[in-house]
Amino acid sequence: MEERTVRLYTRQNDKTLSQLEREGRIINRREYVKMHFGDVADLFLESYDWFTEEASKRLPKPEDVHAPIWCSISTENCLKPIPGTVVYVLDVPEDRVIYFDDVKWDYVLNRIYLPENGEDEAAYKKHLKDLGVENRFEILSGKYKGMFPDEEDRIRESWKRAFEIDEWTVFNVCGNIWEIKKEWVKKIVHPGETIE
């Protein structure tokens, strides 16, 4: 029986071309994330580390992988190749993909509570007001850091909802993979070329 695959698209640094040729696969490392995000890398790495740990509970990662590889599920929402990058068009075995909601991921990046729905969001805002918290962005990093440990735990726990997809659209759903294997690459798109 033929293995089911899904088509994914990911923009990567063009230096990955030599890694793919040399090793037959591409993996992401923490130092690549640091280089990509520069001065704000430490903030992003906290979120990426959380994502890596949580995603690996859903789909175990290879031991040498330190960070996920983000993929688009459509050409419409795929980052186009710009100088210094390429886009890999991939056919990935279905059981090697972890889907997540990119809109919900923004809550993780912003290090704030991810509500379950509108009612939960309203209740949470009231809860913060009752606590005397004026700015929800300052609980995990800022003037309230360390003051509300239970609240910090509640926020981190809420982030698991990023893996719950309430509405499947090409603009909010992303795929995470742990590696790009050479045999999954169907096309490599360079700047100026069309993806499909």
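The paragraphs below go from the overall fold of this predicted model to its nonpolar cores and then to individual residues. Because the model is predicted, local features need pLDDT of at least 70 and side-chain atom pairs count only at pLDDT 80 or more, whereas totals for chains, interfaces and linings use all residues. Residues are numbered from 1 along each chain as its sequence is written, and side-chain values use heavy atoms, with hydrogens and water left out.

The protein has six helices and eight strands, where helices (H or I, at least four residues) and strands (E, at least two) are DSSP runs numbered from the N terminus. Along the sequence these elements follow the pattern β-α-β-α-α-β-β-β-α-α-α-β-β-β, and the C-alpha atoms fill a box of roughly 55 × 35 × 35 Å along the principal axes. Among the contacts with a separation of 6 or more, 80% join residues 24 or more positions apart, a contact being heavy atoms within 4.5 Å.

Of the 196 residues, 43% are buried; buried means under 20% relative accessible area, exposed over 50%, and partly exposed in between, with a 1.4 Å probe and protein chains only. In soluble globular proteins, nonpolar side chains tend to be buried together. Here the largest nonpolar core holds 27 residues, of which W50, F51, F100, W105, I155, W159 and F163 touch the most other members. Such a core is a set of buried Ala, Val, Leu, Ile, Met, Phe, Trp, Tyr and Cys residues joined through side-chain atoms within 4.5 Å. The elements giving two or more residues to this core are α3 (41–58), β5 (98–101), α4 (102–109) and α5, and α3 gives the most, with four residues. Another core, of 17 residues, lies apart from it and has V6, I69, V173 and V185 among its members.

N176 itself is placed in strand β6 (residues 173–177) and is buried, with a relative accessible area of 0%. Not counting residues up to four places away in sequence, N176 touches F51, A55, P68, I69, W70, R96, V97, I98 and F100.

A contrasting position is G132, which lies in the loop between α5 (118–131) and α6 (149–158). Its relative accessible area is 41%, which means that G132 is partly exposed. The C-alpha atoms of G132 and A41 are separated by 30 Å, with the two residues 91 apart along the chain.
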